[in-house]
Amino acid sequence: MTSPYAALTTSPEWQALLACRDKLQGSPMKALFADDPERATRYFIDGAGLSLDFSKNRLTDEVLEALMQLARSRKLEERRTALLCGEKVNTTEDRPALHTALRNAGTNTIVIDGQNVVAEVNTTLARMDTFVQEVRNQSRTGYTGKAFTDVVSIGIGGSFLGPKLVSEALQPYQSSGLRCHYVANIDGTEICETLAGLHPETTLFLVQSKSFGTRETLENSRVARAWFIERSGSEQAVASHFMAVTANTAAAQDFGIDPDNVFPMWDWVGGRYSLWSAIGLPVALTIGMNNFRALLAGAHAMDTHFQNAPLKENLPVVMAMLGVWYNNFWGADTHAILPYDHYLRSLPDHLQQLDMESNGKRVNLRGETLEYQTGPVIWGGVGANGQHAYHQLIHQGTRLIPADFIIPLQTHNPVATHHADLFANCLGQSRAMMTGKTLEEAKAELAASGASEEDIEQLAPHKVVPGNQPSNTLMMKKVTPKTVGALIALYEHRTFVQGVIWDVDSFDQWGVELGKQLGQDILPRLLQSSTTGEASDTGTDNLIKLFRSANRP
C-alpha cells in the first residue's frame, strides 16, 4: 500500500519551506518588525482563555501559509478527527488515545468496543465527587476516626508529573487543609523522607498504577503499607487508608485495598495523558471537585478550539508548526519552556515527558527508519531564575534555541511591584533574544560609560548578542483551574500535530520498556539471590560486582 507520507522531504510542501528558509536567511526578525507595523497584531491569536504572541519568530505570511500547506498535505484535519472520534490512532498497540473524552462533560457518545466511554467517564467522576466530598467534610476518616490531614500519591511518570504540576499550579485554590505529597522515585530516600513527617491515623495513600505492577510504584507502596501496619498495629486498617487507581482490581485487592476504593483506568488513556482521570484524585482532594471540573472544562475548551479553529488561528497547530519549522528547517535540537510564574514551576518537567515520550521516535507508522529529525529535547525552568543561569547560552551560545515564554497578566500575590518586575523581565528576555546587540551598539555603550579605546576594542566583542532567537509569548489573564487545563491541553495537541507531520505514533513508548527489562534481569544479581543469568557487557558486570561488594552482609 502506497502511503501519502512516504516522501515527506521530497514533497512540494517541504521544498517550498526550504525555499522560504533560504529567503529568510539574511532577514533578522527586528528588520521584519521595522518593515511591518502590523506584525504584532497579525501574529497574535486567542483561544480557550489563552493568548499567543508569535510575532517574534522567523516568520512571514509566506512561511505561515507554507507551514499550513504542509500540515494539510499530511492530512492533519483528518487525523485530528480520527483522534477526537476515538479511532485507533495508537497503531502499534491498536488503541484509541481518548484522553479528550475524560474532559468531555457533555452528552456526547463515543463507543469503544461496544462501550460508551463518555458514560464510563461520567460515572467515575460521580464516584470521585462522592469520595472527595467524604474526605473533605470528614465523614470518611481514618481507622481511629480522625480526619485525614495528608494525602500521599504514589505513582511514576504520567501518574506523578501531571498531578504534581496541577497541585502546584492551583495552590491558591487549595481549601481543604489537606497536604498533598508525591512519591515516584525508587530511591528509598524519597519515600522515607515523606513518611517521616506523617502520622498513620491521618494519612491517606493513593496507589496510582494501571497494571498495579509498575515496579517503582509497587515497591514504594509496599514500604508505605509496612510503615502503616507497623505504626497502626492493624493490617485490617489498610482498607481505610489505601485507595488505588488501576485497571487491575484483583491485584489491588490482594494488596489489601477494598474493591470499593479502586478507581478505574482505561487502555485508551496513556499515562502522560491521565491526569484528567481518577489519577487526578490528589488534585481533586486538595482543590475540590468544582475546581477539578473547571480544570477539565478548560481542557475541553482547548479541545473545542483545536477541533474548530482555522489552522492559522489554531494555537496548538501554529505552535506545533513553528516547532517543525525550527526543528526540521533551521536545525534546532532543543526547545525551552520558560514559565514566568512560580505556580507553573513544574510545567517543563511534565512537558518533557509529554513531548519526548510521545515523539522521541525514529521510525514511522510503517516501521521505516526516518530520514529527518523528530522530537527535540524539551527543557527549561522558572524564567526569572533561568535569566541568571542558562539564558546566557540562549543569548550568546552557538545553538539555535526557540523558547516559549509563559506568563499570567495578573498574579495571585500582588506584592509591591514584583509582578510588574516579573513581566518586565519576561518581555525583556524575549526582546533581547529577538533584537540582540551589534558590535557597533556594544562599542557605543562602552564609550558612553567612559571606557578607553583600548578597553572598548577588547570588551566590545564579548558584549555582542547575535539576536534573531525565536520565541513565543503565551499568556493568560490569571493562573486558574480553567487556564491551567487549557494550557496543558494546548501542549498535548501541539505534540499530536507534530507527530502527524513526522508520521510517528505519538501514543506508544516502546523505548521506555527496554531499560526496565534489562533492569529486571540485573536485579537478582545485585541482590545476590542469583549468580546465574544472561551475562551483561563487561562494564555492567564490573559495576554489579562493585555493588555486591559494597553491600555484602
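Colleague: Which residues lie nearest the centre of the second largest pocket, and how many residues line it?

Modeller: In this predicted model, the second largest pocket has a lining of 17 residues, and those nearest its centre are D341, H342, T411, H419 and L422.

Colleague: What volume does the second largest pocket have?

Modeller: The volume of the second largest pocket comes to about 360 Å³.

Colleague: And which helices supply at least two residues each to that lining?

Modeller: Helix 16, spanning 383–386, and helix 18, spanning 418–435, each supply at least two residues of the lining of the second largest pocket, and it is helix 18 that gives the largest share, with three residues.

Colleague: How does the lining of the second largest pocket divide by class?

Modeller: There are eight nonpolar and eight polar residues in the lining of the second largest pocket, together with one charged residue.

Colleague: Switching to the largest pocket, what is its volume, and which residues lie nearest its centre?

Modeller: The largest pocket has a volume of about 1100 Å³, and of the 41 residues that line it, T214, Q509, V512, E513 and K516 lie nearest the centre.

Colleague: Which helix provides the largest share of that lining?

Modeller: Helix 22 does, with six residues in the lining of the largest pocket, while the helices that each supply at least two residues there are helix 7 (158–169), helix 9 (215–232), helix 15 (347–359) and helix 22 (510–526).

Colleague: How many charged residues are in the lining of the largest pocket?

Modeller: The lining of the largest pocket includes 10 charged residues, alongside 18 polar and 13 nonpolar ones.

Technical notes. Residues numbered from 1 in each chain as written. Predicted model: local features only at pLDDT ≥ 70, side-chain atom pairs only at ≥ 80, totals over all residues. Heavy atoms only, no water. 1 Å grid on protein atoms, 1.4 Å probe; cavity = no way out; pocket = protein on both sides within 12 Å on 5 of 7 lines; lining within 4 Å. Points joined across faces, edges and corners; volume = space filled by probe spheres on them. Helix = DSSP H or I, 4+ residues; strand = E, 2+ residues; numbered from the N terminus. Nonpolar A, V, L, I, M, F, W, Y, C, P; charged D, E, K, R; others polar.
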